[in-house]
Amino acid sequence: DGNIGGMNLMHSVYTFGTDININSDMTFSGGADNVFILQTTGALMQAASTNVISSGGAQAKTIFWQVKGTVWVGSSAVMQGILLAKNNV
């Protein structure tokens, strides 16, 4: 299931064979040197007015989104990380 809204993710590699959906605020927790990698063969969709939050020293520069499909970020949403998208952003 690619619904990660409301989740608190620790540093790791996360692989999805479905779309990644962020329908509510979600958090990356870890230290300044921790790396987070999210890979999907589908799309990445973030709902309007939701937030991707980094806490505990986690940094946007160590969050990687590898997306084969389209990336869509809704209006007033806050996205963090580096987007590596094969199709449209």
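**Exercise 1. Determine which residues Gln80 touches, not counting residues up to four places away in sequence, and state whether Gln80 is buried or exposed.**

Step 1. A contact requires heavy atoms within 4.5 Å. Gln80 touches Val52, Ile53, Ser54, Ala60, Ile63 and Trp65, with residues up to four places away in sequence not counted.

Step 2. The model is a predicted one, in which local features need pLDDT of at least 70 and side-chain atom pairs count only at pLDDT 80 or more, while totals for chains, interfaces and linings use all residues. Residues are numbered from 1 along each chain as its sequence is written, and side-chain values use heavy atoms, with hydrogens and water left out.

Step 3. Gln80 is located in the loop between strand 9 (71-73) and strand 10 (82-85). Strands (E, at least two residues) and helices (H or I, at least four) are DSSP runs, numbered from the N terminus.

Step 4. The relative accessibility of Gln80 is 19%, so this residue counts as buried. The classes are buried (under 20% relative accessible area), exposed (over 50%) and partly exposed in between, with a 1.4 Å probe and protein chains only.

**Exercise 2. Classify the aromatic pairs of Phe28 with Phe36 and with Trp65.**

Step 1. Rings of Phe, Tyr and Trp (its six-membered ring) pair if their centres lie within 6.5 Å; planes under 30 degrees apart count as stacked, over 60 as edge-to-face and the rest as tilted.

Step 2. For Phe28 and Phe36, the ring centres are 5.1 Å apart and the planes stand at 65°, so the pair is edge-to-face. Both residues, Phe28 and Phe36, are buried.

Step 3. For Phe28 and Trp65, the centres are 5.7 Å apart and the planes stand at 80°, so this pair is also edge-to-face. Phe28 belongs to strand 4 and Trp65 to strand 8, so the pair ties together parts that are 37 residues apart in sequence.

Step 4. Phe28, Phe36 and Trp65 form one aromatic cluster.

**Exercise 3. Give the strand order of the open sheet of four strands and of the open sheet of three strands.**

Step 1. Two strands pair if DSSP finds at least two bridges between them. The sheet of four strands has the order 2-5-8-10, with parallel pairing. Its edge strands, each pairing on one side only, are strand 2 (13-16) and strand 10.

Step 2. The twist of this sheet averages 10° from one strand to the next. Axes are lines fitted to C-alpha atoms, for helices over the stretch in contact, and angles run from 0 to 180 degrees between N-to-C directions.

Step 3. Strand 2 and strand 5 run parallel and are joined by four bridges. Phe16 has Thr40 in strand 5 as its bridge partner.

Step 4. The sheet of three strands has the order 1-4-7, with parallel pairing. Here the edge strands are strand 1 (8-10) and strand 7. Neighbouring strands of this sheet are turned by 25° against each other on average, direction ignored.

Step 5. Strand 1 pairs with strand 4 in the parallel sense over three bridges. Asn8 stands opposite Thr27 in strand 4.
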